[in-house]
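Please look over the model shown below before reading on.

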Amino acid sequence: MHFPTQTLSIAVLLALPAAVRAVFKDEVGHIDYHHQLLGVPQRETTFFHRPRPEDRASLLYTLSDLGVLGAVNPGNGAIVWRQLLDGNITEGGHLRAAEDETWLATALGSSVHAWDSLTGRNAWTLDFDGAVKDLEIMEMTANGGKDVLALHEEDGTTVARRIHGGDGRVVWEFREVNNDVPLQVSTSAGKVFVVTLHGSLLSYSLKVVVLDTVTGKKLDEIILGTKGEVQKPEDVMFVGANSAAPVVAWTDNTLTKLKVNVLGSKGRQEFPLVADAVEVEIHAPHTSQSSPHFLVHTRTATASKADVYHVDLKSNAISKAYDLPLLEGGSAFSTSSSASNVYFTRVTADEVIITSSVSHGVLGRWPLKSKTETEKPTAVHGVSEVVKKAEDNYAVRSAIVTDADDWTQIVNGDVAWTRPEGLSGAVAATWAEIPESEDLARTLEAEAHTDPWSAFVHRVTRHVDELQYLPAYLQAVPSRLVASILGSETSTVSDTLSRDSFGFNKLVVLATKRGKLYGLDAGNHGRIVWSKKANETPGAKPWDVAAIHADDAKGFVTVRGANGEFIIVKSDTGKTVESMPTGLFPPVESAVVVDSDAGPWLLPIGKGGKIAEINGSYAPKETIVTRTEEGGIRGVKFVSEGNQAVEIPTWEFNPPPGQKIVEVASRAKHDPIASIGRVLGDRTVKYKYLNPNTLVVAAVDEQAEVLSVYLLDTVSGQILTSSTYEGVDAAKDIACAVAENWFLCSFFGAYKLRDSQAQTLKGYQVVVSDLYESDLPNDRGSLGDDTLNFSSLDPVDRPAGGPYLPSVASKTFVLSGPVSCLTVTKTRQGVASRQLLAYMPEAHGIVGIPRLVLEPRRPVGRDPTPAEAEEGLSRYVPAIELDPRLHVTHRRDVLGVREILTCPAALESTSLVLAYGIDVYGSRVAPSLAFDILGKGFNKLALLGTVAALVMGVGVLRPMIRKKQIDARWKQ
Amino acid sequence: MYTRQAGVLLGTLFSCLAATAGAASSSSSSSHAQPQTTLTLRIPSTPQLPSAHALPAWTHATLTALGAAHDAPLTAAGAFVFRNVTPGSYLADVHCGAYAFAPLRVDVVLSETSGKEEKVVVRAWETYRGNDWENKGQEVPRSGSGEDGGFAVRVLGYKEYFVERGGFSVFGILKNPMILMGLVSMVLFIGLPKLIENMDPEMRAEWEEQQKKSPMASLMGGGQQPGASPMGNFDMAAYMAGQGSNKKDEGEPTSSNNGGGKKNGKR
């Protein structure tokens with residue numbers, strides 16, 4: 001087998017999959033839905049900003065808690081552009097905008113970027129050593145433009161750099177080995193301040209290093225307060241920047257006093273805080289022309305208040321100007337400045353209030369009109385833009401992050417839009433049936449099990465009961481008919497949760513890393529049915545979900561966290577059935593659904609594969625495969641011994657020394673086989689090796705860059721087949737999937753082919769392996785006639801000895817890009833062909849590769865014979881172009897997919913798809929085309945028109961002919 | 001099954017180079033042992049893609065090799081700037097939602113000791129997926145020099161995600177062979193009697209004589225009842241029109257019978 005060296009015509013490659021499947025334009029938004037998300041905005045990195053100084057319109061910018069930088073149109077809440085900064089999900093980061101400049105600066109991890117604020121293009125990128133601690137814009141520069149100040153920490157070294165804002169070159173670098181904890185960098189008109197924590201853990205003092213703006217030379221060093229005044233970096237509340245008098249504020253550990261220092265001065269002032277304060281925030285304008293006023297927002301457990309302070313520029317004295325009353329419930333304060341005026345906006349649960357920083361007089365007050373009367377979201381933080389329309393007339397718009405993780409814009413008290421940002425950052429999800437006709441199924445079952453007479457009576461009464469729904473049903477008939485003819489029935493979003501005959505309406509339960517649960521209606525464009533906080537008691541953040549399982553018979557969804565907590569909710573309403581906080585149960589590594597005498601349940605597996613003692617009736621019937629502490633995997637069987645079930649290890653698999661297991665894939669629970677063999681072109685049959693107890697294990701040796709893929713029998717632990725690939729990059733995605741009688745693995749490889757001509761290959765590859773019972777057609781190998789009962793433990797006796805091994809056919813394909821999250825479509829009966837769904841992390845889309853393309857039996861180096869062509873085999877070409885027409889997500893930009901879930905619909909042709917991660921995307925795919933449903937291409941109007949035309953034609957012709965015949969008879 | 005050698009040739013080659021690393025770094029960071037360079041890929045202005053402004057903001061490019069991965073976002077100038085790139089043979093891809101780009105092979109090598117100072121040389125070629133890595137296409141010329149130098153990526157075309165649905169077309173229906181056959185037979189049944197009508201009476205009589213003799217006539221006429229009798233036809237039509245119950249058969253039989261009836265009736 002070798003790769004042909006001739007150049008491949010792209011036209012041929014493009015033509016190959018075109019006939020298989022593509023999305024029709026009119027299906028967009030009809031079969032699929034997409035929640036385009038950013039993540040929950042962070043307090044420090046969200047603001048309104050004008051992308052072009054000459055333009056009055058401003059955009060809303062945020063760097064979210066997932067590391068996504070995005071610009072949102074404040075008019076409608078639509079995303080203008082977004083960038084995933086680090087290439088993966090990271091919390092933290094810094095975002096600053098330069099007033100009157102066209103760029104924004106971000107810092108995340110170790111790199112500093114500048115982006116064009118209108119188009120989202122990169123202006124420049126710099127990578128440094130160490131971690132970014134702070135980022136600030138330097139307003140006053142000699143060259144008229146604005147520069148960026150970045151503060152890095154490189155083990156024990158504090159590094160501050162001034163970076164030219166326009167072209168991203170480093171103007172100067174300040175480096176000091178001092179073992180301090182660098183906190184923030186700040187700037188005022190003539191100086192740069194680097195604020196660090198000096199000392200050792202739990203007894204720090206604040207140190208301010210004053211630098212020259214032009215050269216970066218150290219001018220002064222000020223130690224603020226006594227040793228031990230600051231215990232941890234979080235105690236420093238705020239370091240202002242770019243104002244006429246930037247301040248640094250910190251509190252003692254018990255939140256009783258606030259200490260404030262004007263940067264550059266030596267003195268500090270203390271102010272008492274409200275009793276029982278739990279949180280203190282400081283809001284100050286970030287422009288140098290604004291008045292040097294700031295607001296201290298103090299939160300107690302139930303209420304919040306604010307104090308406004310003024311800084312005297314001459315004496316650096318800080319005085320309290322006024323305070324805003326203590327109000328029950330949470331409030332969000334935000335600052336907005338225009339010229340020297342500073343406005344403070346307070347958003348409470350009931351109203352929006354704006355005040356000027358100068359006096360406590362209320363400039364505007366709007367009651368908050370919430371869409372839902374029942375529950376009012378509490379604002380956590382927000383940003384606002386205050387516009388002075390006339391002397392006494394103000395308008396305000398605030399973008400508020402609520403405690404429900406929604407991002408809402410409130411314009412003068414009215415909710416303008418709400419973005420469900422809480423849906424982002426999902427870590428686990430499951431499909432669940434809508435639990436309504438389960439009742440019917442149960443009644444039918446009950447009827448079947450009673451004596452005939454009572455079953456008959458029960459049935460008659462049930463039908464009589466159902467008569468009450470008849471009028472409503474009849475009423476709905478005309479509208480349904482019209483909607484069906486016009487094809488508009490599925491484009492409208494219905495508010496009710498109901499099943500449909502096609503099985504498209506299903507629930508999706510999502511768990512996010514912020515500890516929220518969401519119920520989505522997959523049949524209604526992913527509408528959020530319910531959402532709730534999963535952990536009433538604060539659990540670990542981010543939430544580490546070990547497993548999620550939907551019990552469709554009961555209508556419950558169980559979510560198990562890694563710290564032993566679990567919650568059981570109703571899938572349709574989200575009501576908690578049972579919950580257990582963290583810490584009461586031992587930590588859980590994963591959990592698996594097992595079948596037991598007491599019904600299926602979610603068995604938690606502890607760290608290192610430890611399984612707690614199980615009551616006899618709950619003993620799993622299957623072999624459980626767990627990871628071991630040594631990095632291997634093992635199989636465990638349960639044997640009941642008295643009241644308890646005792647685990648018996650049956651086998652253990654440890655990869656060779658140096659290899660680490662990176663991926664384990666098993667066949668899905670629902671993986672029906674429609675045919676046990678493949679009929680070849682010459683009418684012979686190749687029997688599939690269909691062992692339900694198989695597991696694909698990918699282990700990689702990072703030093704030798706070797707990937708080994710093992711296929712294990714999970715009952716006996718026997719290796720059925722293994723293959724080794726050299727030159728595989730362990731740092732890049734390695735993904736595997738198993739279905740039916742085939743499995744595949746994708747990886748990045750660069751290696752020399754062991755061929756007569758020395759050829760090297762480099763690229764993203766996927767290896768497909770088919771398993772058959774025998775190499776020969778019409779042969780079941782040792783599984784032939786007399787062995788009807790196959791057992792993994794008692795291998796079929798073979799003359800050659802050893803266990804029965806399948807015959808394997810493999811092919812390697814080179815993909816045009818990396819793929820991850822490999823999933824195989826599932827259909828109800830498994831008749832429709834399968835499609836491999838994979839997320840393309842670089843191209844931000846989900847691709848559906850037909851199984852026919854990934855076929856190991858494609859002939860190499862020759863055209864297929866007519867018999868092979870009849871089977872649908874085409875000539876092997878090593879490259880698979882991930883053609884845009886194969887993209888399930890078509891034009892959509894689906895970001896950060898973590899997992900793709902598939903679920904069979906009631907229709908055999910269709911498989912439901914859900915992808916989650918940063919975004920949530922759902923669609924339907926029909927790998928063998930939609931053969932059992934009329935698509936949008938079926939023109940019902942044309943059909944009706946044709947029938948009507950025929951009827952009319954007959955109606956017109958019939959009298960004519962009758963007349964003619966009567967005439968003819970008379971003329972005879 | 002594939003068999004392959006321990007093909008870590010590239011890796012060993014470059015670790016040797018790393019050992020002799022000089023101070024050829026062009027990056028701001030000097031702590032790295034390996035020489036580094038900055039590499040730029042540019043999107044040229046082509047008829048297919050006149051301006052890089054048409055590309056979505058998330059367009060980015062990647063450089064991939066065994067054990068190395070670099071990612072660069074699209075800049076406002078329509079370029080991708082990779083910083084701190086160490087020597088290696090990289091696969092460069094541009095990922096974009098709107099346009100497809102040809103992959104490149106980018107080699108970053110230390111030039112052989114040209115004097116004392118070692119220089120990092122970057123070269124780029126087009127590469128073909130699924131082919132030998134050494135099977136390079138045309139070398140992509142480097143535009144500009146030093147830091148400003150860059151390689152142009154080739155635009156393959158606009159990405160077409162959707163397929164057109166086969167719409168309703170009258171011509172498409174007419175092309176169907178069944179419809180064509182039907183049309184031909186309709187022409188025969190309707191047009192032939194008209195043709196006969198317009199014939200010269202003598203010739204017509206002659207032709208009719210011939211028809212009676214030929215076995216075809218008995219076949220064609222014999223399909224319906226005792227051939228030439230007009231009464232037979234009348235019965236049929238009366239049955240059709242009078243009872244009207246057999247709607248299904250109405251269209252075709254009437255038209256064909258009517259033609260025959262007319263022919264016979266005039267006689």
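Is Glu705(A) buried, partly exposed or exposed, going by its relative accessible area? Glu705(A) is partly exposed because its relative accessible area is 21%, where buried means under 20%, exposed over 50% and partly exposed in between, with a 1.4 Å probe and protein chains only.

This is a predicted model, in which local features need pLDDT of at least 70 and side-chain atom pairs count only at pLDDT 80 or more, while totals for chains, interfaces and linings use all residues. Residues are numbered from 1 along each chain as its sequence is written, chains are lettered from A and ligands numbered from 1 in the order in which they are written, and side-chain values use heavy atoms, with hydrogens and water left out.

**Overall form of chain A**
- Chain A holds 6 helices and 65 strands, counted as DSSP runs numbered from the N terminus (helices are H or I with at least four residues, strands are E with at least two).
- The radius of gyration of chain A is 34 Å, which agrees with the value near 30 Å that a compact globule of 972 residues would have; this radius is taken over C-alpha atoms, and the globule rule is 2.2 Å times the number of residues to the power 0.38.
- Along the principal axes, the C-alpha atoms of chain A fill a box of roughly 115 × 90 × 70 Å.

**Burial, contacts and surface of chain A**
- Of the 972 residues in chain A, 53% are buried.
- Among the contacts of chain A with a separation of 6 or more, 51% join residues 24 or more positions apart, a contact being heavy atoms within 4.5 Å.
- Chain A has an accessible surface of about 41,800 Å², and carbon and sulfur atoms provide 54% of that area, as computed by the Shrake-Rupley method with a 1.4 Å probe.

**Confidence**
- The predictor assigns the complex an ipTM of 0.84 and a pTM of 0.83.
- Chain B has a mean pLDDT of 71, with 63% of its residues reaching 70 or more; pLDDT is the predictor's confidence in each residue, from 0 to 100.
- In chain B the pLDDT is below 50 over residues 221-233, a stretch that has 9 contacts in the model beyond near neighbours in sequence.

**Positive phi values**
- Most residues other than glycine have a negative phi.
- Glu705(A), in the loop between β52 (694-701) and β53 (706-713) of chain A, has a positive phi near 55°.
- Asp405(A), in the loop between β32 (394-402) and β33 (407-411) of chain A, has a positive phi near 65°, and Asp405(A) counts as buried because its relative accessibility is 11%.
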